[in-house]
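Subject: Model handover

Hello,

Here is the model we talked about. My notes on the sheets, the core and the aromatic rings follow it.

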2 protein chains.
Amino acid sequence: VDAVIGLDDVRAAAARLDGVAHRTPVLTSRALDAMVGATVLLKAETFQRGGAFKFRGAYNAVSSLAPDVRERGVCAVSSGNHAAAVTLAARLCGTRAVILMPSDAPALKRAATEGYGAEVVEFDRYRDDREALARSLAAERELTLVHPFDNPMVMAGQGTVALELLDQAGPAALDALVVSVGGGGLISGCATAVSALMPGARAIGVEPEASDDVARSLASGRRERVTPGRTIADGQQTPTSGELTWPIIQALVHDVVTVTDEQIVAAMRVLFERCKLVVEPSGACALAAVLAGAVPVAGQRVGVVLSGGNIGADAFAALIAA
Amino acid sequence: VDAVIGLDDVRAAAARLDGVAHRTPVLTSRALDAMVGATVLLKAETFQRGGAFKFRGAYNAVSSLAPDVRERGVCAVSSGNHAAAVTLAARLCGTRAVILMPSDAPALKRAATEGYGAEVVEFDRYRDDREALARSLAAERELTLVHPFDNPMVMAGQGTVALELLDQAGPAALDALVVSVGGGGLISGCATAVSALMPGARAIGVEPEASDDVARSLASGRRERVTPGRTIADGQQTPTSGELTWPIIQALVHDVVTVTDEQIVAAMRVLFERCKLVVEPSGACALAAVLAGAVPVAGQRVGVVLSGGNIGADAFAALIAA
C-alpha cells in the first residue's frame, strides 16, 4: 500500500511528543479479565492531556508547522476533543486557535476548549456546511486548518498510542489491538505501528451502530458515506472516513465491528465499577465490543484503547439512569 | 510517645506487601492545582487490590499470623472495604474468612466481599452489639478477629501508603499529607511514616462532620466518643478512634478537620470531571477538605490520599443528581 504515513512518521511524532504528551498508563483488572476470558491491557488515554488521545495528533501537527505559518494561528472544526486538543497544542506552541463547534456540543467539552483559550465560533450541525465554513474561516483569517483525522501529521501522532502500548505490553505478543473509529485517524496510525512492529496482531476498529460507515466500507471494498444517526458516542458521528485514512484502514485493519449505545453504557459501567475509570461513550466503544463478544478474544492477550474521558458527571448520571 | 508501631513496622509491612499489593500511582492534575493554588499529589488507592487502601493492613495482618492460627481462618466486622480486604487477604493466604456485615452495607461492597469468597453474616447496625457478636463468632468458630484499625499490623500496613507516596514524591519535600480518618488506622500508620521520614510535613486528618470524634478528641485532649449521624461517607461512621490509634494520632497528627456531605460530593465531581477518577465518598473526603479551604495549602506541595473507589454507578448517579 502506498500509504501517506509509515512507522518512521509515527516514531517522529513520538519524538515530538516526548515530554509534552503524557505517557498514559496501561491498566489491567483481574475482574475484567475474568469477565471476558482474556488478558486485557487498557491503554488509558483518559489521562492524556486534554482528556483524550486527540492531543497527540494535534500537537504533532501544530508543532510541525513552519514558524511563520504557525504564528498566524490554527483553526479546527470539532464537537469536542479535537477542539480542546488543537487549542492546547496552539497554546503550548505560543499561537492562537479558533474553533468551529456545533451549537449542541457537550457543555464540558466546550468549556474545556474555551478554558484552554480558544475563540469558539458556533455552527448548526444539521444546517451548515462545516467544511465550507472552515475553509472560509481559514482563508479570511489566514489560519491553518488542522483536520481532525485526514492529515498525515495527525494520523502519525495518534499512532503513538499503539507505539507506546506495544512498548508497555513488554515482550509477550499481543493478539489484537481494539480501538474506536470515527474518521479513522486513531486506527490508521495505530494499524501502521502494529503492522510494522507486531504483524501477527489484528488491528480491529469499533464504530457505533448509528455511524457504521467504515464497517460498511470494509464490506463493500470502497469508501462508503452514511448519515450518522443519534448515538451517545458523540466523538464518532462522522459520515465517512478520510481520503487519507481509508486506504490504510483497507490495507491494514483486520475488521471493524459495531456496538449499540446500550453496549457502550454497559462498558462505561464496568469501567466505572471494576476499574474506577471515567470513560466517555466513544472512549468505551472498544471495550464495549470486547464485552459484547463482537470481537473474539477468548484466551488471548488484547490491547484496548480507552480513547477519552471527557464526560460531565451529570451527563454520566443521566446515561446510567436511562 | 510509647507507640505500638514505629517506622520499622511500616517498613516490614512494605516488605510483606511487595509484589502482592499494588504500588498505586500518584496522579497530578494541572486543573486541580489551579483550583487550589497548590501542587497536589493524589495517591490513588482506588487502584489498590479490593479498590481501597484496606488491603494493605489486612494482608499484613493475615499473612503474619502463625501458620496453625491462620489455617483456622479469620473474621472481621465491616460494612465494606475492610471486609473485602480481609477476604482477599485470606484467599491469598489460603485460608477462609467470615465477615460480619451490617444489613444496610452498600450492595457493591457486599457483592465484592462475597465475590472474593467470604461467608457473610448480617447484623443490624443500630440494634446489635457488633463487638460482642464478633467476639462470640471468633470464639465459636476458632477464627482470628482482624480489627479494622486497632491492630498494630493493620496500622503498619496502612502506613505503607505514606511510605510509598514519600518515595514517589521524590526529593522535593511535602508540606502536608491529608488523609481520611475513620477509626484512625490509616492516619496512625501514615503519621508514623511521615514523622520519621519527613518531620517538617504536617499530617492532617479529615472526618465527615457527622462523625467527628477525632476532631473533638484532639480539641479536648482525650479520646471522645460520638454517635455517628447520617453521612454518605460510610467508611468513616466510627464512634471513636482506637485504643492503639488514638495515642499516635494525639502525638503525631497536626490537625483533624471536618467536611460536609455536600463538600464530599463536590470533590467527587472534581475528581470525576477533571481527573477521570472514580472515588467513593470516604475516599474523596481528604480532597474535599483541601477544595473547601479547610486545610490551608496555598503555594504548598501536598499529598492527598484517595483512599478508595468502591461505589456503584447507580449510587454515584444518585449522589450527583441529589
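P102(A) stands opposite F123(A), which belongs to β5(A). The strands concerned are β4 (residues 97-102) of chain A and β5(A), parallel partners over 5 bridges. Pairing here requires at least two bridges found by DSSP between two strands. Helices (H or I, at least four residues) and strands (E, at least two) are DSSP runs, numbered from the N terminus.

This is a predicted model: local features need pLDDT of at least 70, side-chain atom pairs count only at pLDDT 80 or more, and totals for chains, interfaces and linings use all residues. Residues are numbered from 1 along each chain as its sequence is written, chains are lettered from A and ligands numbered from 1 in the order in which they are written, and side-chain values use heavy atoms, with hydrogens and water left out.

Back to the sheet. It is open, has 4 strands in the order β5-β4-β3-β6 (chain A), and its pairing is parallel. β5 (119-123) and β6 (144-145) of chain A are the edge strands, each pairing on one side only. Helix α7 (residues 130-141) of chain A packs on this sheet and touches β3 (74-77), β4, β5 and β6 of chain A. Contact means heavy atoms within 4.5 Å. The direction of α7 makes about 160° with that of β4(A). Axes are lines fitted to C-alpha atoms, for helices over the stretch in contact; angles run from 0 to 180 degrees between N-to-C directions.

A further open sheet has 6 strands, ordered β1-β2-β10-β7-β8-β9 (chain A), with mixed pairing. β1 (26-27) and β9 (255-259) of chain A each have a single partner strand, so one side of each is left without a neighbour in the sheet. β1(A) runs antiparallel to β2 (residues 39-44) of chain A, joined by 2 bridges. In that pair, L27(A) stands opposite L42(A).

Now the rings. Phe, Tyr and Trp rings (Trp by its six-membered ring) pair if their centres lie within 6.5 Å; planes under 30 degrees apart are stacked, over 60 edge-to-face, the rest tilted. The count is 7 aromatic pairs over all chains. In one, F55(A) and Y59(A), the centres are 5.6 Å apart and the planes at 35°, so the pair is tilted. Both residues lie in helix α3 (residues 54-63) of chain A, 4 residues apart. Ring pairs also link F272(A), F316(A), F272(B) and F316(B) into a cluster.

Best wishes
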